[in-house]
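Reader: Please show me the structure. I would like to go through its salt bridges and the terms used for them.

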Amino acid sequence: MNQAGAMLAVAHGSRDPRHREVITGLVDAVREQRPGLRVETAFLDHCGPTTARALHGLVRDGYQQVKVVPLLLNTAFHVRQDIPAAVAAAHESLPRRWKAGVAQPMVAEPLGPHPLLMAGLERRLREAGVWPGDEEASVVLAWAGSSDRVAAAAVDELAEDWQRSGWEHVVPVPAVGDQAGDAVRALRERGARRVVVAPYFLAPGFLADRIRGSALRAGADAVAAELGNAPEVASAVLARFDGAMTGCLAHVA
């Protein structure tokens, strides 16, 4: 058996083919930053492979220690429930001849909040022609939204920290209805000279498209691309992998 550790990066999955394409690019960027690390991908839904299939493949190849990194930006239901449950079930379904020598996989923290993601957001804004810390620019930080109070509080804190770096305003807005457009219009009414949108999403999809359309119809000056395979995001994945505590088992809360 291979005593070296491996990473299993677990994404949400989507019927939108762009999702898989971007996740594949992100995992490739992780491999480029750490060539000696075995990294495989799994998806909770819509795409393959499943968590069980990916984990079984790593074990079949001799990996006894696997750390699972959720490719998700916040601590909400998928991170606290779905991924630990999928990992525990995948380990339980290992053939008996393999299970005895394989530790139950450790589950790392989700990617956000993390300072590297803020740097990734700034990279995407620069690519859209907006220099970070532009005191004349206000930012709509558009995210998926969640009824989870911890998740919402984390995005609010990210926005507050980011505003202190020099932006005129940073306003977090969930991808619900026309709220991105409403936020753009509200900032204009407050006197914002320039309004830009930073999507707090890993990959394009229905919600990110809704935000983009809503913001542009409302007259946003720029809408950045999703975080995707930005180098800072790949570094955040590795930071979570390195930070997973030895002995911290996957569990169902």
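Reader: Why is the contact between the side chains of Arg18 and Asp16 called a salt bridge?

Author: A salt bridge needs a side-chain nitrogen of Lys or Arg within 4 Å of a carboxyl oxygen of Asp or Glu. For Arg18 and Asp16 the N to O distance is 2.6 Å, so the pair meets the definition. The model is predicted: local features need pLDDT of at least 70, side-chain atom pairs count only at pLDDT 80 or more, and totals for chains, interfaces and linings use all residues. Residues are numbered from 1 along each chain as its sequence is written, and side-chain values use heavy atoms, with hydrogens and water left out.

Reader: What makes Asp16 buried or exposed?

Author: Buried means under 20% relative accessible area, exposed over 50%, and partly exposed in between (1.4 Å probe, protein chains only). Asp16 has 17%, so Asp16 is buried. Arg18, with 31%, is partly exposed. Asp16 and Arg18 also belong to a network of salt bridges together with Asp209.

Reader: How do you know that Arg34 and Asp242 form a salt bridge?

Author: Their side chains meet at 2.8 Å, N to O. The pair links distant parts of the chain, 208 residues apart: Arg34 lies in the loop between helix H1 (17–33) and strand S2 (38–43), Asp242 in helix H9 (residues 231–243). Helices (H or I, at least four residues) and strands (E, at least two) are DSSP runs, numbered from the N terminus.

Reader: Why is Asp242 called partly exposed?

Author: Because its relative accessibility is 44%, which falls between the two cut-offs. Arg34, at 29%, is partly exposed too.
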